[in-house]
Amino acid sequence: MTDNSDCVVLLHGLGRSARAMGRLEKALSADYSVINVDYPSRELAIEPLAQIAISGALEQCEEDAKVHFVTHSLGGILVRQYLQNHKIENLGRTIMLGPPNQGSELADFLANNILFEFYNGPSGQQLGTGKDSVPINLGHVDFELGVIAGNKSFNPVLTKLTSAQHDGIVSVDSSKVDGMTDHMVMPVTHTFMMMDANVIQQVQFFLSHGKFDHQAQGHDE
């Protein structure tokens with residue numbers, strides 16, 4: 001069970017800002033103390049980003065409050081990276097939206113593209129599916145985790161690269177990670193999934209119940 005003394009940390013994705021998580025912040029603020037983190041996602045590698053973003057957020061949570069995470073894309077990888085090196089004694093539940101837990105095929109395709117490297121910075125170069133992929137090398141998770149993947153896309157490039165379902169950036173299969181508690185596929189795109197009303201309802205449900213509401217309308221498993 002959760003209550004309004006719990007702290008929910010929001011972590012946006014690559015190239016975005018805290019504003020992208022604004023609808024989630026508003027929806028969750030009635031029941032939780034919400035920390036909507038703004039971090040320089042394009043300026044540093046994943047390891048220092050995790051330390052900067054999450055350590056700073058934890059300092060804003062009330063002492064002894066249970067800490068939950070709701071993340072989009074890269075934000076989920078930051079949580080996994082942080083928990084590799086730190087233990088949060090009062091860790092609650094984590095929901096990841098469109099996380100490249102097994103890397104992104106699109107990142108592989110654009111790895112040597114100068115514009116991609118310029119726009120996405122060091123962290124973007126670490127999100128591929130090869131031997132140097134940070135998400136893959138992080139291994140399994142050992143915390144309570146719900147993952148929402150999208151299967152709606154307007155990106156013809158990734159469609160050519162893979163026949164698998166994807167959200168335009170991350171394939172459904174790539175969103176999965178060993179040890180996760182629950183997984184749901186919804187008809188949303190990577191870019192806007194954190195703003196979708198049905199996604200937000202599933203986030204609220206998982207925070208309260210530790211599982212998704214698979215009987216609800218608006219998803220496609």
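Modeller: The protein has nine helices and six strands. The model is a predicted one. Of its 221 residues, 52% count as buried. The accessible surface of the protein comes to about 10400 Å², and carbon and sulfur atoms hold 48% of that. Among contacts with a separation of 6 or more, 75% are between residues 24 or more positions apart.

The strand to look at is E3, which covers residues 67–72. Six of the six residues of E3 are buried, so the strand is largely enclosed by the rest of the structure. In a regular strand, side chains alternate between the two faces of the sheet. In E3, Val67, Phe69 and Thr71 point one way, while His68, Val70 and His72 point the other way. Both sets are buried.

E3 has strand partners. E1 and E3 run parallel and are joined by five bridges.

Cysteine 7 leads on to another link. A disulfide is a covalent bond between the sulfur atoms of two cysteines. A search of the whole structure finds one disulfide, and cysteine 7 forms it with cysteine 61, the sulfur atoms being 2.0 Å apart. Cysteine 7 lies in strand E1 (residues 7–11) and cysteine 61 in the loop between helix H2 (46–60) and strand E3, so the pair ties together parts that are 54 residues apart in sequence. The link is left-handed, with -60° about the S-S bond. Cysteine 7 and cysteine 61 are both buried.

Two further sites complete the picture. The structure holds one aromatic pair. Phenylalanine 206 and phenylalanine 212 form this pair, with 5.0 Å centre to centre and 40° between the planes, which makes the arrangement tilted. Both phenylalanine 206 and phenylalanine 212 are buried.

The other site is serine 171, in the loop between helix H7 (156–161) and helix H8 (172–175). Serine 171 has a relative accessible area of 2%, and the cut-off for buried is under 20%, so serine 171 counts as buried. The side chain of serine 171 makes a polar contact of 2.8 Å with the side chain of serine 174.

Definitions and conventions. Residues are numbered from 1 along each chain as its sequence is written. This is a predicted model: local features need pLDDT of at least 70, side-chain atom pairs count only at pLDDT 80 or more; totals for chains, interfaces and linings use all residues. Side-chain values use heavy atoms; hydrogens and water are left out. Helices (H or I, at least four residues) and strands (E, at least two) are DSSP runs, numbered from the N terminus. Buried means under 20% relative accessible area, exposed over 50%, partly exposed in between (1.4 Å probe, protein chains only). A polar contact is a pair of N or O atoms within 3.5 Å; within protein, one must be able to donate a hydrogen and the other to accept it, and residues adjacent in sequence count only if both atoms are side-chain atoms. A disulfide is a pair of cysteine sulfur atoms within 2.5 Å. Rings of Phe, Tyr and Trp (its six-membered ring) pair if their centres lie within 6.5 Å; planes under 30 degrees apart count as stacked, over 60 as edge-to-face and the rest as tilted. Contact means heavy atoms within 4.5 Å. Accessible areas come from the Shrake-Rupley method with a 1.4 Å probe; for residues, only the protein chains shown count as cover. Two strands pair if DSSP finds at least two bridges between them.
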